[in-house]
Amino acid sequence: MGGPLPLGDPAPVDGRLPDDLPLDPTADFGVYLHVPFCRVRCGYCDFNTYTSSELRGARQEDFADTLAAEVRLASGVMDAAGGRRVASTVFFGGGTPTLLPPGDLARMLGAVREEFGIADDAEVTVEANPDTVDDRVAATLAAAGVTRLSIGMQSAQPHVLAVLDRTHDPRNVATAVAAARRAGLDVSLDLIYGAPGESLDDWRASLETATALRPDHVSAYALIVEDGTKLARQIRSGVVAEPSDDLQADMYELADDLLGGAGYDWYEVSNWATDTTHRSRHNLAYWRGTDWWGFGPGAHSHVAGLRWWNVKHPAAYAQRLAAGESPAAARERPDETARRLESVLLRSRIRDGLPVSELLGEGRKAVASLIADGLVEGPDAVRGRIVLTRRGRLLADAVVRALTA
């Protein structure tokens with residue numbers, strides 16, 4: 001169920017935004033819809049998700065109506081602040097959104113369309129477990145306005161999936177991709193590397209299997225062992241070995257080589273696409289620091305520099321909305337220093353790069369040494385942007401420390 005929510009200032013019961021918030025009604029606006037349900041809890045996962053035995057007072061069949069109530073409340077809040085705008089991207093995340101009937105997802109998307117509007121060229125993504133996608137599901141989602149399916153492949157190797165507690169049949173990835181294609185949907189495949197017991201050859205096989213399916217987009221994330229997860233306990237007790245940093249670095253380089261050779265370009269440290277039109281516009285909005293509203297239990301939002309987050313448990317979330325109250329637990333307005341640090345952290349990860357003009361003092365002075373160390377692309381820096389080399393992507397945390405010194 002994830003870690004505790006961050007601390008912050010109390011959020012108003014009605015969700016009202018501060019009167020002095022500098023809203024820009026012309027700015028891009030993303031919508032995130034959090035569906036917190038999973039059949040089983042994966043051993044590495046610390047997201048805000050719940051299996052059926054953990055719901056205690058909440059019902060999956062009521063969720064679409066409950067979330068739609070939050071959408072209606074939010075549109076009123078944005079109207080009152082003079083900042084309601086059309087959604088340019090929508091992203092269903094989780095959890096496993098496709099555990100809900102596709103008609104429920106369609107109703108949630110319909111609420112967004114009715115209350116905010118959805119741009120004609122909007123990117124609308126649904127995360128999906130391969131076992132839950134067939135022709136009927138894909139066709140229903142496409143008819144509702146979904147444009148993109150993000151399929152949780154993770155690995156092609158059964159023993160790696162077992163270590164991760166992933167229960168899907170790896171053969172169903174191809175079935176899900178084919179169904180999405182028949183429905184006219186773009187396809188992204190999500191992979192994880194560095195699981196205990198995964199070899200470089202295992203990872204190569206997963207990459208080759210993924211690229212053979214010709215998705216439009218591939219995400220490849222190094223496994224991170226989060227405190228409080230089953231995997232962390234297994235490593236601490238010696239049941240499985242801790243992931244090797246050196247092996248994960250080799251796996252990243254292999255991914256970059258194989259994906260590049262298959263026609264995919266990196267545009268963020270862990271993301272590759274066939275071309276610029278298939279980059280995840282929703283995730284790019286996060287990395288660029290633009291506005292989004294997150295709906296659902298534990299969802300986070302960011303509008304004009306204000307951040308807030310919802311209560312975590314689906315039952316508490318539903319109770320707030322049934323009472324006509326905002327589900328926001330707390331909020332904050334980071335100061336200029338915190339915003340600058342976050343901008344460096346996020347924008348340095350993307351191929352578009354971080355403007356050198358955003359760097360101050362020692363951070364700007366560090367650019368020359370980062371170029372000399374092969375961590376930052378020299379020609380891009382001369383043109384005024386910090387763009388990581390492949391070595392820099394492997395050492396992105398060290399680059400950020402230098403740039404924010």
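Predicted model: local features only at pLDDT ≥ 70, side-chain atom pairs only at ≥ 80, totals over all residues.
Just past helix α9, Gly-289 adopts a positive phi of about 80°. Helix α9 itself covers residues 281-288, and its buried residues are His-282, Asn-283, Leu-284, Ala-285 and Trp-287. The cover over these buried residues comes from several elements, including strands β2 (29-35), β3 (87-94) and β4 (118-128). Strands β8 (265-268) and β9 (271-273) also contribute, as does helix α11 (336-347).

Next up is strand β10, residues 291-295. Here 5 of the 5 residues are buried, so β10 is largely enclosed by the rest of the structure. In a regular strand, side chains alternate between the two faces of the sheet. For β10, both faces are covered: Asp-291, Trp-293 and Phe-295 are buried on one side, while Trp-292 and Gly-294 are buried on the other. Strand β10 also has a partner in β2, and the two run in the parallel sense over 5 bridges. Within that pairing, Trp-293 of β10 is the bridge partner of Val-31.

Now for the charged side chains. Side chains of opposite charge can pair when their charged atoms come close. The count for this model comes to 22 salt bridges. One of them joins Asp-291 and Arg-85, at 3.0 Å from N to O. Asp-291 sits in β10 and Arg-85 in the loop between α1 (63-81) and β3, so this pair ties together parts that are 206 residues apart in sequence. Both Asp-291 and Arg-85 are buried.

Arg-59 and Glu-61 meet at 3.4 Å, N to O, and Arg-59 is partly exposed, with a relative accessible area of 49%. Asp-380 and Arg-383 form another salt bridge, with an N to O distance of 3.3 Å. Of these two, Asp-380 counts as partly exposed because its relative accessibility is 23%, whereas Arg-383 counts as exposed because its value is 63%.

Salt bridges also link up into a network made of Asp-256, Asp-257, Arg-390 and Arg-393. Arg-393 has an aromatic contact as well: this arginine lies over the face of Trp-266, at 4.1 Å from the ring centre.

That leads on to the aromatic rings. A pair of rings is described by the distance of the centres and the angle of the planes. The model has 11 aromatic pairs. In one of them, the rings of Tyr-193 and Trp-203 have centres 5.1 Å apart and planes at 40°, so the pair is tilted. This pair links distant parts of the chain, with Tyr-193 in strand β6 (residues 186-193) and Trp-203 in helix α6 (residues 200-212), 10 residues apart. Tyr-193 counts as buried because its relative accessibility is 5%, and Trp-203 counts as buried too, at 0%.

A second pair brings the story back to β10. Trp-293 and Phe-295 are stacked, with 5.8 Å from centre to centre and 10° between the planes. Both of these residues are buried, and they sit on one side of β10 together with Asp-291. Trp-293 and Phe-295 also belong to one aromatic cluster with Phe-29, Phe-116 and Trp-308.

Conventions:
Residues numbered from 1 in each chain as written. Heavy atoms only, no water. Buried < 20%, exposed > 50% of the residue type's maximum accessible area, 1.4 Å probe, protein only. Helix = DSSP H or I, 4+ residues; strand = E, 2+ residues; numbered from the N terminus. Contact = heavy atoms within 4.5 Å. Salt bridge = Lys/Arg side-chain N within 4 Å of Asp/Glu carboxyl O. Pairing = 2+ DSSP bridges. Phe/Tyr/Trp six-rings, centres within 6.5 Å; stacked < 30°, edge-to-face > 60°. Lys NZ or Arg CZ within 6 Å of the ring centre and 35° of its normal.
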